[in-house]
Amino acid sequence: MGIEKKFIDMMNLRNFTGDTKKSYCYNLERFLTFKKDKHASILSSQDINDYLLHMVSKGVSSSALNQAINAIRFFFKYVINREIKGYLVVRPKKSKTSPILLSDGEIADIFNSCTNKKHLAIMYLMYGAGLRRSEVINLEIEHIDSKN
């Protein structure tokens with residue numbers, strides 16, 4: 001079995017979402033391409049840090065760095081069957097940013113610009129219930145408590 005297939009199989013066994021699987025595959029592919037001169041079984045914590053430094057030099061966010069670390073750790077733990085020494089891989093400090101708040105007028109403009117009634121209902125649901133895109137996509141009738 002190839003390492004890519006084992007990687008995907010292990011994510012399926014852990015019931016990862018499609019978005020997580022896509023992100024992990026992307027990050028692992030980028031890491032292995034960066035370290036193409038070494039076989040995956042002999043990669044070290046220093047190789048991971050070298051890759052992370054490369055990502056930092058490209059200006060990626062701390063969130064993207066953490067996603068890469070999670071994908072690489074998962075790969076080593078469940079595919080290569082080797083733990084990466086956690087204290088050797090430096091996690092970036094997450095930058096604190098304030099959310100962008102829209103004024104009542106800006107929100108009204110967004111709702112008024114929607115001409116499709118189905119899309120408008122979805123937007124009202126997302127806004128009113130504070131749902132994420134993936135939560136709306138996976139919403140089913142039995143999830144709705146119409147009595148409350």
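Guide: Gladly, and please keep in mind that this is a predicted model.

Visitor: Where is the place of Leu102, and which residues make a nonpolar surface patch?

Guide: Leu102 sits in the loop between helix H4 (62–78) and helix H5 (104–113). The patch covers about 320 Å², and the residues that make it are Ile100, Leu102 and Ile110.

Visitor: Is Asn15 buried or exposed?

Guide: Asn15 belongs to the loop between helix H1 (3–13) and helix H2 (18–34). Its phi is near 60 degrees, a positive value in a residue other than glycine. Exposed means over 50% relative accessible area, and because Asn15 reaches 66%, it counts as exposed.

Visitor: What is the phi of Asn81?

Guide: Asn81 lies in the loop between H4 and H5. At 58% relative accessibility, Asn81 counts as exposed. Asn81 is a residue other than glycine with a positive phi, near 60 degrees.

Visitor: Are H2 and H3 roughly parallel or roughly perpendicular to each other?

Guide: Two packed helices are described by the angle between their axes and the distance between the axes. Here the axes of H2 and helix H3 (residues 45–57) come within 10 Å and cross at roughly 105 degrees. Angles from 65 to 115 degrees count as roughly perpendicular, so H2 and H3 are roughly perpendicular.

Visitor: Is Asp47 buried or exposed?

Guide: Asp47 and Lys38 join their side chains in a salt bridge, at 2.9 Å from N to O. Lys38 is partly exposed, with a relative accessible area of 32%. Buried means under 20%, and because Asp47 has 4% relative accessibility, it counts as buried.

Visitor: Which residues are linked in a network of salt bridges?

Guide: By the rule used here, the count comes to 6 salt bridges. The pair Asp47 and Lys38 is one of them. The residues linked in a network are Lys35, Lys38, Asp47 and Asp50.

Visitor: By about how many helical turns are Asp9 and Lys5 separated?

Guide: The side chains of Asp9 and Lys5 meet in a salt bridge, 3.0 Å from N to O. Asp9 is partly exposed at 22%, and Lys5 is partly exposed at 49%. Because the two are 4 residues apart in helix H1, their separation is about one helical turn.

Visitor: How far apart are the closest N and O atoms of Glu135 and Arg132?

Guide: Glu135 counts as partly exposed at 33% relative accessibility, whereas Arg132 counts as exposed at 57%. A salt bridge needs the nitrogen within 4 Å of the carboxyl oxygen. Glu135 and Arg132 form one, with their closest N and O atoms separated by 3.7 Å.

Visitor: Which residues does Ser41 touch, not counting residues up to four places away in sequence?

Guide: Ser41 lies in the loop between H2 and H3 and is partly exposed, with a relative accessible area of 37%. Its C-alpha atom is separated by 44 Å from that of Gly130, 89 residues apart along the chain. Leaving out residues up to four places away in sequence, Ser41 touches Ile80 and Arg82.

Key. Residues numbered from 1 in each chain as written. Predicted model: local features only at pLDDT ≥ 70, side-chain atom pairs only at ≥ 80, totals over all residues. Heavy atoms only, no water. Patch = residues over 30% accessible without salt bridge, like charges linked within 9 Å, V, L, I, M, F, W, Y side chains within 5 Å. Areas by Shrake-Rupley, 256 points an atom, 1.4 Å probe, with all protein chains shown as cover. Buried < 20%, exposed > 50% of the residue type's maximum accessible area, 1.4 Å probe, protein only. Axes fitted to C-alpha atoms, helices over the stretch in contact; angles between N-to-C directions. Parallel < 35°, antiparallel > 145°, perpendicular 65-115°, else oblique. Contact = heavy atoms within 4.5 Å.
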